[in-house]
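Look at the structure first, then work through the turns.

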Amino acid sequence: MDIHDLQARAIEVHDLYDDLNLVERGRTWTRQDFMLGFVGDVGDLAKLVMAAKGTRSMPGGREALEHELADCLWSVLILAHRYEVDLEATFSKTMRELKEIISARLDEHRTQQ
């Protein structure tokens, strides 16, 4: 499954949530609502990572960790969709730029030794 397939599946679930929220709350989530949900998921993920390292107790174990990682990915895919960001192109560009920056810094350190 590539990123476009992942995003298509994420949008399917997004659309179902829109339907559910309309029925239950009379409104759909805004981009800001999705961002707040994402922040909550990242917080849950942080707690699960701490639990995996034994620094805190948290129920669910590895299965809960995997679930939160998937929730976070879903949120990123939906935020990219909502803000019309070509995530594949942007990710490739950002990784290329980071690789160049990090490589240059490593080269500087190597020449200083």
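Q: In which helix is His-14 found?
A: This is a predicted model. In it, His-14 is found in helix H1.

Q: Is His-14 buried or exposed?
A: Buried means under 20% relative accessible area. His-14 has a relative accessible area of 4%, so His-14 is buried.

Q: How far apart in space are His-14 and Trp-74, C-alpha to C-alpha?
A: Along the sequence, His-14 and Trp-74 are 60 residues apart. In space, their C-alpha atoms are separated by 9.0 Å.

Q: How many helices and strands are there in the protein, and in what order do the elements run?
A: There are 4 helices and 0 strands. From the N terminus on, the elements run α-α-α-α.

Q: What share of the 113 residues counts as buried?
A: The cut-off for buried is under 20% relative accessible area. Of the 113 residues, the share that counts as buried is 19%.

Q: Where does Leu-45 lie, and is Leu-45 buried or exposed?
A: Leu-45 lies in helix H2, residues 31–52. Its relative accessible area is 15%. That value is under 20%, so Leu-45 counts as buried.

Q: How far apart are Leu-45 and Leu-65 in space?
A: The two residues Leu-45 and Leu-65 are 20 residues apart in sequence. From C-alpha to C-alpha, the separation is 6.5 Å.

Q: How many salt bridges does the count come to?
A: Side chains of opposite charge can pair when their charged atoms come close. The cut-off here is a nitrogen of Lys or Arg within 4 Å of a carboxyl oxygen of Asp or Glu. By this rule the count is 5.

Q: Which residue forms a salt bridge with Asp-33, and is Asp-33 buried or exposed?
A: The closest N and O atoms of Asp-33 and its partner Arg-27 are 2.9 Å apart. Arg-27 is partly exposed, at 43% relative accessibility. Asp-33 has 18% relative accessibility. The partner is thus Arg-27, and Asp-33 counts as buried.

Q: Which residue forms a salt bridge with Arg-25?
A: The closest N and O atoms of the pair are 3.5 Å apart.

Q: Why are Lys-93 and Glu-97 separated by about one helical turn?
A: Their side chains meet in a salt bridge, at 3.0 Å from N to O. Lys-93 counts as partly exposed at 43% relative accessibility, and Glu-97 counts as partly exposed at 35%. Both sit in helix H4, residues 87–112. The separation is about one helical turn because Lys-93 and Glu-97 are 4 residues apart in that helix.

Q: What accessible area do the residues of the nonpolar surface patch have together?
A: The patch is formed by Phe-91, Met-95, Leu-98, Ile-101, Ile-102 and Leu-106. One of them, Leu-106, has its place in helix H4. Leu-106 is partly exposed, with a relative accessible area of 40%. Together the patch residues have about 550 Å².

Q: Which residues form the negative surface patch?
A: Asp-2 is found in the segment before helix H1 (3–25) and is partly exposed at 40% relative accessibility. Asp-86 is found in the loop between helix H3 (61–82) and H4, and is partly exposed with a relative accessible area of 45%. The patch is formed by Asp-2, Asp-5, Asp-86 and Glu-88.

Q: How far apart are the C-alpha atoms of Asp-86 and Ser-103?
A: Asp-86 and Ser-103 are 17 residues apart along the chain. Their C-alpha atoms are separated by 26 Å.

Q: What is phi of Glu-84 near?
A: Most residues other than glycine have a negative phi. Glu-84 has its place in the loop between H3 and H4, and is exposed with a relative accessible area of 74%. Its phi is positive, near 55°.

Notes
Residues are numbered from 1 along each chain as its sequence is written. This is a predicted model: local features need pLDDT of at least 70, side-chain atom pairs count only at pLDDT 80 or more; totals for chains, interfaces and linings use all residues. Side-chain values use heavy atoms; hydrogens and water are left out. Patches are made of residues with over 30% relative accessible area and no salt bridge: like charges are joined within 9 Å, nonpolar side chains (Val, Leu, Ile, Met, Phe, Trp, Tyr) within 5 Å. Accessible areas come from the Shrake-Rupley method with a 1.4 Å probe; for residues, only the protein chains shown count as cover. Lys and Arg count as positive and Asp and Glu as negative; His and the chain ends are not counted. The place of a charge is taken as NZ of Lys, CZ of Arg, CG of Asp or CD of Glu. Helices (H or I, at least four residues) and strands (E, at least two) are DSSP runs, numbered from the N terminus. Buried means under 20% relative accessible area, exposed over 50%, partly exposed in between (1.4 Å probe, protein chains only).
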